[in-house]
Amino acid sequence: MGGDLLTAEALAAGYGPVPVLRDVDLRVPSGTIAAVIGANGAGKTTLLRTLSGMLRPTAGRILLDGRDLRGTPVEQLVRRGVAHVPEGRGVIGELTVEENLRLGALWRRDRTAAARALDEVYQLFEPLARRRRHLGHQLSGGERQMLALGRALAGRPRLLLLDEPSLGLAPRVVAQTMALLRQLRDDTGLTVLLVEQNVRSALAVADQGIVMSLGRVALAAPAARLRDDADLRHAYLGF
Amino acid sequence: MDRFLFLTLDGLSRGAVYAAFALALVLIWRAGRIVNFAQGAMAVAAAYVAYSVTAATGSYWLGFGAALLAGLLLGAVVDVAVMRLVDHRSPLNPVIVALGLVLLIQAVLGMVYGNEYLPARAPFSRTALTVGGTAVLSPYDLFVFATVGVVGAALVWIFTRTAIGLRMRAAAFAPEVSRLLGVNVGGMLTLGWALASGVGALAAMLVIPTGLGLHPYAMDLVFVSAFTAAVLGGLDSPPGAVVGGLGVGLLLSYVSGYAGGDLIPLAVLALLLTVLLLRPGGLFAPVTARRV
């Protein structure tokens, strides 16, 4: 499994003068799934945006494979193996399914590998293969989810950052998504950091649960402990 | 009837140039939500480069190539050195800066080349060929059609078939998501400016020999006509720009043929006003649901 793929140390970030994240430490070991959970406004999305470079940290540092990410422009991150599926998933509605997917693999020099990655995505998500020529905004919510995930996977990331993958989706689709993440972790060693409101489905798939509260990490613990220890769950998650 | 046919063909030839120029406006609008009011002046500057190169080498085609190159380069420079520095929070800011750029470019051209009309050569005869006693198109008209057709087809190919075109469209539609996917959004915007300005330079090279000659203000009326064409087609729509350009070309040809050339500026402005009043989104604007 190797060491930690992603590490944040004393990370702080915010919008303008308003601090949102304060003193955030986290470690995501390679080949594991970490779920960031917590109430609305706890800073989960801000954390993800900071990790992917869209928001500049005001303090602290982010390490990928032990290397500081400071100064790496957002558009270079994908070349370092980081894929970020943003809130609302970021499917480009004006482009076709195929164009969205091609975009995911476009940074790769190797054309044949990129084409093969596209085929793999179509095998993984068959409904997308049937709708190649459709525009992004013609897709259903579930199909958009597939497209966003598929587009991220087409870039062969080592680290997948997912913002609210369950948002607005039917429970069956959420379950499929979570199962897929587990399968990718087991088969390809993919490392996943996902932000979720849906605590139960997140903890069901995750190895590690990171509970955020008011911009800080309140608790980082094995997901199994958060699932099974009723006292801990009451104290930190309120159910 | 012969006269009508002649005016129609002449209008289409004129319209092809407007279409190219309108297309350039649409390119920049789609890439950066800016109407480039400096496009006319930038295109004239490129045409002056052609004049100098042709004067020095004696070759029209070297000048033609130099104009396209100068256009591409000028577009990239204007984006990087001017537009990138403008605060885009108010849409008025880039417009005012573009208008300032017009004054600057025209003043510099006037200082360097003088404010007199310089002769602008056409590479082919502008005398209309006659078919069965009816005057139809001149060889130069055919050259205009072919050039605009090739450039239009090349743009379609770039935007729909190439990786760089896909990046440019993605960067325009969703800059933030595109950056996450590894697209250099700023670079794509600069490329969009370069392409648009290159197409603008081409339009200037095609249209200036049909007028009074080369002059710092030579593209002003063309700009207004092409802007009208772009608005007519809907600023977001490349096919709309082409149809709008041909439509404006036809209208102006009929107006000058049947009512007199003096009325052209009036006709253009009347058309612009009518479009803005009746259908400000343009003929080809996608139907947007009413916001509730």
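What follows is one connected account of the helix packing, the core and the chain contact.

Reply: The model is predicted. Two packed helices are described by the angle between their axes and the distance between the axes.

The pair to take in detail is helix H4 of chain A, residues 111-124, and helix H6 of chain A, residues 141-154. Their axes come within 9 Å and cross at roughly 150 degrees. Angles over 145 degrees count as roughly antiparallel, and H4(A) and H6(A) are therefore roughly antiparallel to each other. The handedness of this crossing is right-handed. On the H4(A) side, the residues that meet H6(A) are Ala117(A), Leu118(A), Val121(A) and Leu124(A). Their partners in H6(A) are Gly150(A), Leu153(A) and Ala154(A). By class, this contact between H4(A) and H6(A) consists of six nonpolar residues and one polar residue, with no charged residue.

H5(B) contributes Ile158(B), Phe159(B), Thr160(B) and Arg161(B) to the contact, while H6(B) contributes Ile164(B), Gly165(B), Met168(B) and Arg169(B). Sorted by class, these are four nonpolar, two polar and two charged residues.

Next comes the nonpolar core. The largest one has 169 residues. Within this core, the residues with the most contacts are Ala20(B), Ala46(B) and Ala47(B). Helix H8 of chain B, residues 185-207, supplies the largest share of the core, 16 residues. For Ala47(B), leaving aside residues up to four places away in sequence, the residues touched are Ala67(B), Ala201(B), Ala204(B), Met205(B), Ile208(B) and Leu214(B).

The last part concerns the two chains. Contact between them involves 18 residues of chain A and 15 residues of chain B. On the side of chain A that touches chain B, the elements giving two or more residues are helix H2 (74-77) and helix H3 (97-105) of chain A. H3(A) provides the largest share of that side, with four residues. The class make-up of the side of chain A is nine nonpolar, four polar and five charged residues.

Technical notes: Residues numbered from 1 in each chain as written. Chains lettered and ligands numbered in written order. Predicted model: local features only at pLDDT ≥ 70, side-chain atom pairs only at ≥ 80, totals over all residues. Contact = placed C-beta atoms within 7 Å. Nonpolar A, V, L, I, M, F, W, Y, C, P; charged D, E, K, R; others polar. Axes fitted to C-alpha atoms, helices over the stretch in contact; angles between N-to-C directions. Parallel < 35°, antiparallel > 145°, perpendicular 65-115°, else oblique. Left-handed = near helix turned anticlockwise from the far one by under 90°. Core = buried A, V, L, I, M, F, W, Y, C linked by C-beta atoms within 7 Å. Buried ≥ 20, exposed ≤ 12 C-beta atoms within 10 Å, placed from the backbone.
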